[in-house]
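Please open the model in your viewer and keep the sequence panel beside it.

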Amino acid sequence: MTTTGFEHFWSQGDFITRSVAALLLLMSISAWVVILWKGWLLRRVNVDLQRAVPAFWAAPSLDDGRAQLAAFDRESVLRPLVDAAVTTPPGGTLEARGHADSQLTRRLRDALHRVVGQLQFGQVLLASIGSTAPFIGLFGTVWGIYHALLSISTAGAITIERVSGPVGEALVMTAAGLAVAIPAVLAYNVFGKRVAASEAELEGFAHDLREMMVREDAPALPAVVSARGGASGLGSGSAASRPA
């Protein structure tokens, strides 16, 4: 569409036509801002996970592991999990009355949800733009054609030249809606796959971290020798616990 055609379409359009065009422009700008920002963010997160997780587990102590995360975890997706694992709930609360393993699981789960929510930020906007922009553009086309036909009918004689120009200009609104929606839908699908991959990595890290913390906090359980000379479980009333 030429500049002259767009200027003619804008000058001949009413408030609704101009509002639809402005809304599509705003949706396009918003979608591209989110696309560029999330593409940059998820790429950094992927690099951070590939470097920070091995560095953490290679550290000799938990404090050294946290220091490694401070150097590699630029987007703070792993540090909240470690902080949640070492946090002690305040005394005198319902949180502190629960079992230690349950407290640890809940803290890691809440921290994981917050991190994943941070990674998913903007997905709703992309999905909304991708699903509504074509219909908004179609509405602008229908309204533009209606407005153009009303103007032509009041002019008297109707020819193909008088109809094709306004109708063709109105059809551009449908193309604009598709041009806004397609990048948003593609980005939503690509980012959804990347977020799911990062979430799987974070869940694995949280699971391994929980196992390490539980193993460190668990008291050593003495083995009970059975009458047959082997190690048995903590069965009550076993032969080894009774006097000979």
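**The whole chain**

Begin with everything selected: of the 244 residues of the protein, 32% count as buried, where buried means under 20% relative accessible area, exposed means over 50%, and partly exposed lies in between (1.4 Å probe, protein chains only). This is a predicted model, in which local features need pLDDT of at least 70 and side-chain atom pairs count only at pLDDT 80 or more, while totals for chains, interfaces and linings use all residues. Residues are numbered from 1 along each chain as its sequence is written, and side-chain values use heavy atoms, with hydrogens and water left out.

Colour by secondary structure next, and you will find eight helices and two strands, which follow one another from the N terminus as α-α-α-α-α-α-α-α-β-β. Helices (H or I, at least four residues) and strands (E, at least two) are DSSP runs, numbered from the N terminus. Among the contacts in the protein with a separation of 6 or more, 72% are accounted for by residues 24 or more positions apart, a contact being heavy atoms within 4.5 Å.

**H2 against H3**

Select residues 15–58, which form helix H2, together with H3; the two pack at an angle of about 165°, and their axes are 8 Å apart. H2 is therefore roughly antiparallel to H3, a term for angles over 145 degrees, whereas those under 35 count as roughly parallel, 65 to 115 as roughly perpendicular and the rest as oblique. Axes here are lines fitted to C-alpha atoms, for helices over the stretch in contact, and angles run from 0 to 180 degrees between N-to-C directions.

Now show side chains: Asp48, Arg51, Ala52, Ala55 and Phe56 of H2 meet Leu62, Gly65, Arg66, Gln68, Leu69 and Phe72 of H3.

Staying with H3, pick Asp64, which is found in this helix and counts as partly exposed at 34% relative accessibility. Its side chain is joined to that of Ser61 by a polar contact of 3.0 Å; such a contact is a pair of N or O atoms within 3.5 Å, where within protein one must be able to donate a hydrogen and the other to accept it, and residues adjacent in sequence count only if both atoms are side-chain atoms.

**The loop between H3 and H4**

Is Asp73 buried or exposed? Select Asp73 in the loop between helix H3 (62–72) and H4; Asp73 is buried, with a relative accessible area of 0%. A polar atom of its side chain lies 3.1 Å from the backbone nitrogen of Val77, and, not counting residues up to four places away in sequence, Asp73 touches Asp48, Ala52, Leu78 and Arg79.

Ser76 lies in the loop between H3 and H4 as well, and is partly exposed, with a relative accessible area of 28%. Most residues other than glycine have a negative phi. Ser76, although it is not a glycine, has a positive phi of about 55°.

**H4 against H6**

Finally, select helix H4 (residues 79–86) and helix H6 (residues 100–119), whose axes come within 9 Å and cross at roughly 160°. H4 and H6 are therefore roughly antiparallel to each other. Display Pro80, Leu81, Ala84 and Ala85 of H4 with Leu104, Arg107, Leu108, Ala111, Leu112 and Val115 of H6, the residues that make the contact.
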